[in-house]
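Please keep the sequence and the structure in view while reading.

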Amino acid sequence: GKLYRRASTETSQATLASVSPVFAVMKFDKEGNTTYFEKKKTELYQELGLQARDLRFQHVMSIATRNNRIIMRMEFLKAVITPEFLLILDYRNLSLEHWLLSQLASQLAGEGQLVTYSLPFEFRAIEAILQYWISKLQGRLNTLQPQILETLEALVDPKLLSVDRSKLHILLQNGKSLSELETDLKVFKETILEILDEEELIEELCLSKWTDPQVFQESTSGIDHAEEMELLLENYYRQAEDLANEARELRVLIDDSESIIFINLDSHRNVMMRLNLQLTMGTFSVSLFGLIGVAFGMNLESSLEEDPRIFWLVTGIMFLGSGLIWRRLLSFLGRHLEPPLPPHVPAVLKKSQPAAGRVEIKNSLKAETFGLSRTLPNQ
């Protein structure tokens with residue numbers, strides 16, 4: 001029985017090892033040399049000195065250290081950083097693979113625009129990944145911003161008596177994309193802020209301090225590497241905060257524009273209700289004096305039908321009386337219900353150069369919508 005249990009255990013272990021997930025790995029060394037290989041998860045975490053749960057990469061965002069290794073999860077970007085090399089796992093993504101082949105290798109080799117070339121390798125790797133992720137977030141914001149402004153320009157127009165549903169659908173989709181962007185920015189800031197609040201975590205990110213103490217010395221500016229790491233993370237936290245502020249301004253702009261759209265719709269609805277009320281008054285006036293015609297339409301004899309002028313007299317009295325009654329009702333309506341003024345919305349956007357005038361367009365739209373919200377209650 002013991003031999004059978006041992007044989008079955010060895011068989012189950014071999015079966016589990018055979019179905020272990022395989023990672024497509026791209027390796028970068030300090031000189032920017034790139035190698036590609038595939039390796040099972042069990043073999044990879046054993047070589048790196050990690051545990052299996054350390055390579056359990058969900059689509060989340062986190063920066064952690066394990067056994068002198070930095071594990072960075074930026075949703076679909078999953079990396080393991082050591083003092084000697086950088087591993088990108090599951091790199092088969094179109095946009096990600098293009099960045100890896102065209103920019104990352106040159107940045108690690110010292111040919112890019114990183115500011116950490118004088119620092120150990122892990123600084124360059126962390127900065128390159130953070131720079132890529134911030135550029136992705138910036139690109140998403142740059143794509144959404146002109147679309148949202150153009151849609152709001154078409155919707156917030158006082159000349160339109162109805163709202164284009166296709167524009168509302170586009171605004172809804174852009175609003176959802178903006179909410180997703182705000183969530184990603186919030187998670188990114190929280191991930192970096194979690195490290196900035198703990199001094200021990202910042203020191204653990206400086207891998208060279210534990211592998212080669214001689215390398216971990218004060219920089220030429222007199223700031224040690226732990227402070228350099230803190231300044232690096234704080235710089236990208238500030239960039240994420242700036243993007244979050246721009247996204248927040250767009251959100252406020254959408255909310256204010258929605259209020260203007262509802263006010264426009266209410267104004268047009270009030271006009272239609274007033275017209276309906278006027279027509280109802282006219283119908284009542286005509287019906288009131290139409291009773292005279294009903295009385296003369298009865299099959300009863302009187303001396304009036306013998307006079308040829310009585311038809312025109314009665315018809316004139318009916319029309320004149322109906323007109324007077326309608327006029328009196330309209331004057332009563334004018335005294336008790338002030339005619340609503342349509343909301344005055346100035347031209348919110350003017351065509352200008354898309355690159356140079358984008359900020360001016362957004363600021364003018366925001367200022368005019370805020371100004372409108374202050375004047376509408378008085379009107």
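Strand S5 (residues 77-81) and strand S6 (residues 85-89) run antiparallel and are paired over four bridges. Here strands (E, at least two residues) and helices (H or I, at least four residues) are DSSP runs, numbered from the N terminus, and two strands pair if DSSP finds at least two bridges between them. Within this pair, Ile 81 has Leu 86 of S6 as its bridge partner, and Val 80 has Leu 87 of S6. Three residues lie between S5 and S6, which form a hairpin.

The model is predicted: local features need pLDDT of at least 70 and side-chain atom pairs count only at pLDDT 80 or more, while totals for chains, interfaces and linings use all residues. Residues are numbered from 1 along each chain as its sequence is written, and side-chain values use heavy atoms, with hydrogens and water left out.

On its other pairing, S5 meets S4 in the antiparallel sense over five bridges; there, Ile 71 is partnered by Val 80 of S5. The hairpin of S4 and S5 has two residues between the strands, and Glu 75 takes a positive phi near 55 degrees.

How much of S5 is covered? Five of its five residues are buried, where buried means under 20% relative accessible area, exposed over 50%, and partly exposed in between (1.4 Å probe, protein chains only). In a regular strand, side chains alternate between the two faces of the sheet. In S5, Leu 77, Ala 79 and Ile 81 point one way, Lys 78 and Val 80 the other way, and all are buried.

The whole sheet is open and has six strands in the order S2-S1-S6-S5-S4-S3, with antiparallel pairing. Strand S2 (34-40) and strand S3 (61-66) are at the edges with a single partner strand each, so one side of each has no neighbour in the sheet. On average, neighbouring strands are turned by 20 degrees against each other, direction ignored; axes are lines fitted to C-alpha atoms, for helices over the stretch in contact, and angles run from 0 to 180 degrees between N-to-C directions.

Two helices pack on this sheet. Helix H2 (residues 41-48) touches strand S1 (22-29), S2, strand S4 (69-74), S5 and S6, and its direction makes about 115 degrees with that of S2. Helix H5 (residues 165-196) touches S3 and S4, with a direction at about 25 degrees to that of S3. Contact means heavy atoms within 4.5 Å.

Strand S1 is joined antiparallel to S2 by seven bridges and to S6 by five bridges. Met 26 stands opposite Tyr 36 in S2, while Asp 29 has Phe 85 of S6 as its bridge partner. S1 and S2 form a hairpin with four residues between them, and in its turn Gly 32 has a positive phi of about 85 degrees.

Tyr 91 lies in the loop between S6 and helix H3 (94-108). With a relative accessibility of 9%, Tyr 91 counts as buried. Beyond its neighbours within four places in sequence, its contacts include Met 26, Tyr 36 and Leu 100. Although Tyr 91 and Met 26 are 65 residues apart along the chain, their C-alpha atoms are separated by 7.1 Å.

Taken as a whole, the protein chain has ten helices and six strands. Of its 379 residues, 35% are buried. Among contacts between residues at least 6 apart in sequence, 61% join residues at least 24 apart.
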